[in-house]
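This report covers a single protein chain, from selected local sites to the overall fold. The sequence and structure follow.

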Amino acid sequence: MEKKLVVANWKGYKTVSEAQEWMKEFRAMIVVQQLNNVSVVICPSFVVLPRMADEVSKLEGVKLGAQDVSKFGEGQYTGEVSAKMLRDFVSFVIVGHSERRKYFGETGEDVGRKVEQCLKYDLIPIVCVSSVQELSSFPSDLACRQAGLNPNGTIFAYAYEPLSAVGTGEPDTPENAQEFALKIKKEISRDIRVLYGGSVNAKNAKSFVSQSDIDGVLVGQASLDAEEFADIIKTTEQENKGTL
Ligand code: PGA
């Protein structure tokens with residue numbers, strides 16, 4: 001049994017000092033060295049990453065992720081942050097989040113190019129998908145890579161995030177999430193990992209991480225509070241222990 005992944009997506013929240021305060025509280029609440037069944041990924045904004053990288057490097061089992069990446073490599077692309085730049089700080093990148101699609105017009109084609117960039121620099125993409133239909137908006141070579149053709153052997157993760165559940169306080173049902181996870185694994189590859197995201201909190205996390213094909217959770221709002229995020233991790237650790 002693989003470790004479950006618990007990912008914090010801080011979106012457009014937290015300054016450097018707020019992030020440091022969060023880390024202080026988080027460390028007081030959880031002894032990450034004692035986590036055997038869970039890996040933790042924290043995704044702050046780009047500007048917070050360098051400072052967080054120092055803090056997180058001392059914590060085994062905790063990694064940093066970015067919330068986005070440029071679809072271009074390095075070059076004359078004002079304002080962009082490339083995968084090559086991110087590689088110094090992060091191991092994971094959230095790609096194609098529904099808020100990027102909604103507010104920044106990201107397309108399936110863009111998602112494909114961003115994934116390319118991640119894989120080129122050994123970053124693990126967490127590709128957000130809001131529905132089965134959205135899967136077909138991805139370029140077909142993206143599916144090939146997921147089927148294990150990625151030469152680096154980088155693991156690949158999907159996050160099932162239905163639009164009605166993201167930031168609404170109305171999560172999908174664990175059964176729907178399980179069904180989606182199973183479908184995506186059958187269609188693409190058993191090797192990929194599928195997370196659920198959308199209004200996950202300390203109360204409902206257990207119902208999602210206990211599903212056999214759900215490999216973790218992507219947490220927005222509830223991850224802003226260090227105590228609640230630590231509770232989600234503890235619940236996941238406990239639940240996954242039971243299945244080992
Ligand atoms: P939420 O966000 O937990 O606030 O619904 C999840 C996400 O957007 O990744």
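## Buried loop and helix sites

Ser199 counts as buried because its relative accessible area is 16%, where buried means under 20% relative accessible area, exposed over 50% and partly exposed in between (1.4 Å probe, protein chains only). The model is predicted, so local features need pLDDT of at least 70 and side-chain atom pairs count only at pLDDT 80 or more, while totals for chains, interfaces and linings use all residues. Residues are numbered from 1 along each chain as its sequence is written, and side-chain values use heavy atoms, with hydrogens and water left out.

Ser199 lies in the loop between β7 (193-197) and α9 (205-209); helices (H or I, at least four residues) and strands (E, at least two) are DSSP runs, numbered from the N terminus. Its phi is positive, about 60°, although Ser199 is not a glycine. Lys11 also has a positive phi, near 50°, in a residue other than glycine. The loop that holds Lys11 runs between β1 (4-9) and α1.

Gly198 is in the loop between β7 and α9. Contact here means heavy atoms within 4.5 Å. Not counting residues up to four places away in sequence, Gly198 touches Glu161, Ala165, Val166, Pro171 and Leu218.

Gly112 belongs to helix α5 (residues 108-120). Leaving aside neighbours within four places in sequence, Gly112 is in contact with Pro139 and Leu142. Gly112 and Leu142 are 30 residues apart along the chain, and their C-alpha atoms are separated by 6.0 Å.

| Residue | Relative accessibility |
|---|---|
| Lys11 | 18% |
| Gly112 | 7% |
| Gly198 | 5% |

## Cores and packing

A nonpolar core is a set of buried Ala, Val, Leu, Ile, Met, Phe, Trp, Tyr and Cys residues joined through side-chain atoms within 4.5 Å. The largest such core has 65 residues, and Phe26, Ile42 and Tyr158 have the most contacts inside it. Helix α10 (residues 226-243) supplies the largest share of this core, five residues. Beyond its neighbours within four places in sequence, Phe26 is in contact with Val32, Val40, Ala226, Phe229, Ala230 and Ile233. A second, separate core of 13 residues includes Phe92, Ile94, Cys128 and Leu218.

In helix α2 (residues 49-57), the buried residues are Leu49, Met52, Ala53, Glu55 and Val56. They pack against α1 (16-29), β2 (38-43), β3 (62-66) and α3 (83-86).

## The chain as a whole

The protein chain contains 10 helices and eight strands. Of its 244 residues, 53% count as buried. Among contacts between residues at least 6 apart in sequence, 72% join residues at least 24 apart.

Along the principal axes, the C-alpha atoms fill a box of roughly 40 × 40 × 35 Å.

The chain exposes about 11,400 Å², of which carbon and sulfur atoms supply 48%; accessible areas come from the Shrake-Rupley method with a 1.4 Å probe.
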